[in-house]
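Open the model in your viewer and keep the selection panel to hand. The stops below go from one selection to the next.

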Amino acid sequence: MPNFSVTRRLSYSADQVYHIACDVDSYKEFIPLLKKSAVYNRKTLPDGRESFDAEFRITYQKLRIEETAISHVVADPVNRIVMSHSSEGAVKSMDSLWKVTNLPDGGCEVEFTVDYTLKSRSMQFLLSGMFDLAVRKIMTAFEDRARKLY
């Protein structure tokens with residue numbers, strides 16, 4: 001599976017950025033090309049982590065792409081990690097990870113990683129060159145969201 005990762009240092013606390021990462025319902029408000037984000041089946045696990053399903057609708061008019069994806073998400077507030085897995089729609093498998101860590105000199109480090117395989121080899125080839133850029137744009141959208149909120 002292709003793996004794309006981006007790490008940034010931000011001047012916000014790890015808790016602030018973690019809350020943005022696990023507020024999946026709000027993604028549609030600030031992530032480019034995302035027209036819908038909804039959460040359902042939310043539950044707290046015995047170890048304190050939160051588990052839920054998330055539905056996303058991605059629309060890219062220029063390529064006439066409109067896809068809906070459903071991911072299973074686990075959010076770990078103690079370790080400030082948000083993990084998701086999807087194997088729905090055009091995606092054979094997609095795993096993403098947000099990991100947010102406080103830095104000793106203030107602020108935090110944010111790591112965002114995505115591993116994916118699409119069901120269509122031709123679509124995989126077409127999008128492979130654009131996916132790194134998409135991951136970076138998502139990270140930039142999270143930075144902009146943090147600036148707006150904090």
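Begin with the two strands S1 and S7: they run antiparallel and are joined by 8 bridges. To see one of these pairings, select Phe4, whose bridge partner in S7 is Val114. Now colour S7 by accessibility; 8 of its 11 residues are buried, so the strand is mostly covered. Keep in mind that this is a predicted model.

Next, zoom out to the whole protein chain. It holds 2 helices and 7 strands, and along the sequence they follow the pattern β-α-β-β-β-β-β-β-α. Of the 150 residues, 41% count as buried. The accessible surface comes to about 8600 Å², and carbon and sulfur atoms account for 52% of it. Among contacts between residues at least 6 apart in sequence, 47% join residues at least 24 apart.

Select Tyr27 and display its surroundings. Leaving aside residues up to four places away in sequence, Tyr27 touches Ile20, Ala21, Leu34, Ser37, Phe56, Trp98 and Phe142.

Then show the aromatic rings. The whole structure has 7 aromatic pairs. In one of them, Tyr27 and Phe30, the ring centres are 5.9 Å apart and the planes stand at 70 degrees, which makes the pair edge-to-face. Tyr27 and Phe30 are both buried. For another arrangement, pick Trp98 and Phe112: with centres 4.1 Å apart and planes at 15 degrees, this pair is stacked. Trp98 belongs to strand S6 and Phe112 to strand S7, so the pair ties together parts 14 residues apart in sequence. Both Trp98 and Phe112 are buried. To see how these rings belong together, select Tyr27, Phe30, Phe56, Trp98, Phe112 and Phe142, which form one aromatic cluster.

Move on to the backbone and its loops. Most residues other than glycine have a negative phi. Leu33, in the loop between H1 and S2, has a positive phi near 70 degrees. Is Leu33 buried or partly exposed? Its relative accessibility is 39%, so Leu33 counts as partly exposed. Arg80 also has a positive phi, near 55 degrees, and lies in the loop between S4 and strand S5 (81-86). Arg80 counts as buried because its relative accessibility of 18% falls under the 20% cut-off.

One more loop to select is the one between S2 (34-44) and S3 (50-60), where Gly48 is found. Gly48 is partly exposed, at a relative accessible area of 38%.

Finish with the cysteines. How many disulfides does a search of the whole structure find? The search finds 0. Select Cys22, which is buried with a relative accessible area of 13%, and then Cys108, which counts as buried at 0% relative accessibility.

Notes
Residues numbered from 1 in each chain as written. Predicted model: local features only at pLDDT ≥ 70, side-chain atom pairs only at ≥ 80, totals over all residues. Heavy atoms only, no water. Helix = DSSP H or I, 4+ residues; strand = E, 2+ residues; numbered from the N terminus. Buried < 20%, exposed > 50% of the residue type's maximum accessible area, 1.4 Å probe, protein only. Contact = heavy atoms within 4.5 Å. Areas by Shrake-Rupley, 256 points an atom, 1.4 Å probe, with all protein chains shown as cover. Pairing = 2+ DSSP bridges. Disulfide = S-S within 2.5 Å. Phe/Tyr/Trp six-rings, centres within 6.5 Å; stacked < 30°, edge-to-face > 60°.
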